[in-house]
Amino acid sequence: MTGMYSEKVMEHFRKPKNMGKIEDADAVGTVGNPVCGDLMTIYIKIKDNKIHDIKFQTFGCAAAIATSSMITELAKGKTLDEALKITRDDVANELNGLPSIKMHCSNLAADALHKAIKNYLQKKEREK
Amino acid sequence: MKKIYLDHAATTPVDKKVVEAMLPYFYKHYGNASSLHSFGRKAHEALEESRKKVASLLNVKEKEIIFTAGGTESDNIAIKGIAYKNREKRYTKGPHIITSSIEHPAVLETCKHLEMQGYKIKYLPVDKHGIINIDELEKTISKNTFLITIMYANNEIGTIQPIKEIGQIARENNIIFHTDAVQAIGKTPIDPNKINVDLLSISSHKMYGPKGVGALYIREGLSIQPIIHGGGHERGIRSSTENIPGIVGLGKACELAKKRMEKDTKHIKKMRDKLIKNILEIEESYLNGHPQKRLINNAHFRFTGIEGESLLLSLDDKGIAASTGSACSSKKLQPSHVLIAIGLTPIEAHGSLRLSLGRENTQEEISYVTDVLPEIINRLRKISPLWKKQE
Ligand SMILES: Cc1ncc(COP(=O)(O)O)c(C=O)c1O
C-alpha cells in the first residue's frame, strides 16, 4: 500500500517535522473535513513579520501528515507575504507528488497555514 | 522483517494442499469438462467430485451447488436471478426486496441497480452492534415482497445476523431467502436446511482457496433466471467453460474446512480473544460490532484521535497487515457505510482498525501485535489535534 506514496511522503509521515502544539502561539489555523477524515491545525509564532516558529497537529492519512510536516518546513523563516504565496501544488511538488485522489482531501496544509496567517493579520488589525 | 498477516477477511493464503490438488488440472488434466474424450471426462470427474465436496460442507445435495467466478458473481446471480423471475411485480407496491444497510457492495450495488429498473428495495437499519431488528423485518414485509437478502456475517465488523429467525420469517411468508455467507463459511457450521435459506453465496478466496472462484447454493426446485447466457454450463444458470483448477481448489478448500473447522475455530478464537482483551487495555479504545455474536476471527476496534490509514501504514512499517474503514484508504473517500450504519460519527469511523485472523497465525504473532500497537497509537495521538489529553 505504501506503493501509492512517494518515498518523500513516507519519510515525512514516519518522522514528521515540527509536530505538536505551540502553547503561546500568535495565531492558529484549523481546516479540514471530518467526512474525508482530515483535520489539521497550524500554530505560528511571528517575529519581525516572519514565521519564527511553526508547528502542526493533524488527524488524517499519511498524505495529510506529510503535507503538514512539509508546510512547516517550507514556511519556517519566511515573511508572511512569502508564506501566503505557498500553494497546495508547491507542497505536493516538494513531496515528489501525491496520489491524485489525495490532492483534494488531504492536501490542506497550505490552507491551514494561510488561515493561521490571516487570523494573525486580523488580530493585528483589531489591536490597532 | 517478520511479516504478520491479519487481513484474512480481505483474502486468505491458499492452503498448500489446495495448490497441490489444483496443479495437475493446469498441465495434465486440462480438458474441457464438456468434451467427450478422456481429457474431457477427467475434467468432468473433477468438477463433479468438487461439487460433492462443496455440497458436503453445506450438508446439501450436489445438484443444489453451481460454481461461479466468486462471491460477487454468486450474489449477482442469486439476487438478479430471482428479481428477473419476478419482474412483473415491479409494478406493484413494494418493498419487493428486503436487505440490510450493511451488506457487502456485491449485494448493495446489485440492489441499487435493480432499483433503477423499478424494483423497490428496503434497506433495513441495524443496531449499534450491527444486527437487524427482527420485528422491523416482519413489519416491512408486504404481500409483494419476493426476496430477502441478508448477509450471514459482516465482512467489516464480523457481526452475525439472526439468520435462523430471518429464515423462519421468510418461510412463513413464502419469501425466498438469500444469504451472503462469504465471510462465515468454514468458520461455523452452516446447513441451509436448518436455517431455511434458499440461496447461499460462498467465495473460495476467503477460505484458503484460490481467487476468482465461488459457488451458489440454490435450493432444489427453486427456479432462477440466468444472467449470463451461453453454452448452458452449470444447469444453464452460469454458462462459461468451467474453471476446473479453480473449482478443484474450492472443492479441496471445502474438504479441508470441514475436516479442520473444530480445531481451527478453537485455535483462532483463543488468539482473537486474547487480542481483543489486550488491545482494549489501550486508553480510549473500543470494540466495534457485537461482543459475542461475531465471527471467530474478527477483531474490530476504534481508537479516539487516530485515523485509520495512518495506523495501517504504521502497522505495515512493523510488518503487520491490517485493514480500516477509513475513507482515506478507500477509493471513494467516504467512511465505511457499515460503521456509519452502526451509528459511528465519520471521525470515529475513520479511527477504525480491523484485524482478521487465520489458521496460520500464532500466539507469538498476536503478542507482537499487542506489543507494538500501543507505541504506534501513542505516536499518532501525539500528532493528532483530536487527542486532547496532551501534556
Ligand atoms: C461478505 C462478502 N460478500 C462478497 C464478497 C465478494 O467476493 P469475491 O471477492 O469472491 O467476489 C466479499 C469479499 O470481498 C465479502 O466479504
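This is a predicted model: local features need pLDDT of at least 70, side-chain atom pairs count only at pLDDT 80 or more; totals for chains, interfaces and linings use all residues.

Trainee: How many residues of domain 1 of chain B are in contact with domain 2 of chain B, and what area is buried between domain 1 of chain B and domain 2 of chain B?

Mentor: The size of an interface is often given as the accessible area lost when the parts come together. Here, 28 residues of domain 1 of chain B are in contact with 30 residues of domain 2 of chain B, and the area buried between these two domains is about 2400 Å², with 58% of it given by carbon and sulfur atoms. Of the area that domain 1 of chain B buries against domain 2 of chain B, 27% is supplied by B:Met261, B:Leu295 and B:Arg359, more than by any other three residues.

Trainee: Which polar features does the rule find across the interface of domain 1 of chain B and domain 2 of chain B?

Mentor: Across that interface the rule finds 0 salt bridges, but 13 residue pairs in polar contact, counted where both residues are at pLDDT 80 or more. On the side of domain 1 of chain B that touches domain 2 of chain B, two or more residues come from each of helix H8 (244-279), strand S10 (298-303) and helix H10 (337-341) of chain B, and the largest share, 4 residues, comes from H10(B). By class, this side of domain 1 of chain B has 10 nonpolar, 13 polar and 5 charged residues.

Trainee: Turning to the other interface, what area do chain B and chain A bury between them?

Mentor: Chain B and chain A bury about 2300 Å² between them, 65% of it on carbon and sulfur atoms, with 28 residues of chain B in contact with 29 residues of chain A.

Trainee: What is the count of salt bridges between chain B and chain A, and which elements supply the side of chain B that touches chain A?

Mentor: The count is 2 salt bridges; in one of them, B:Asp317 pairs with A:Arg14, their closest N and O atoms being 2.6 Å apart. There are also 12 residue pairs in polar contact between chain B and chain A, both residues being at pLDDT 80 or more. Helix H9 (308-317), helix H11 (346-350) and helix H12 (363-383) of chain B each supply at least two residues of the side that touches chain A, and H9(B) gives the largest share, 7 residues. By class, that side of chain B has 13 nonpolar, 8 polar and 7 charged residues.

Terms used. Residues are numbered from 1 along each chain as its sequence is written. Chains are lettered from A and ligands numbered from 1 in the order in which they are written. Side-chain values use heavy atoms; hydrogens and water are left out. Contact means heavy atoms within 4.5 Å. Buried area is the accessible area (1.4 Å probe) that two parts lose on being put together, summed over both. A salt bridge is a side-chain nitrogen of Lys or Arg within 4 Å of a carboxyl oxygen of Asp or Glu. A polar contact is a pair of N or O atoms within 3.5 Å; within protein, one must be able to donate a hydrogen and the other to accept it, and residues adjacent in sequence count only if both atoms are side-chain atoms. Ala, Val, Leu, Ile, Met, Phe, Trp, Tyr, Cys and Pro count as nonpolar, Asp, Glu, Lys and Arg as charged, and the others, Gly among them, as polar.
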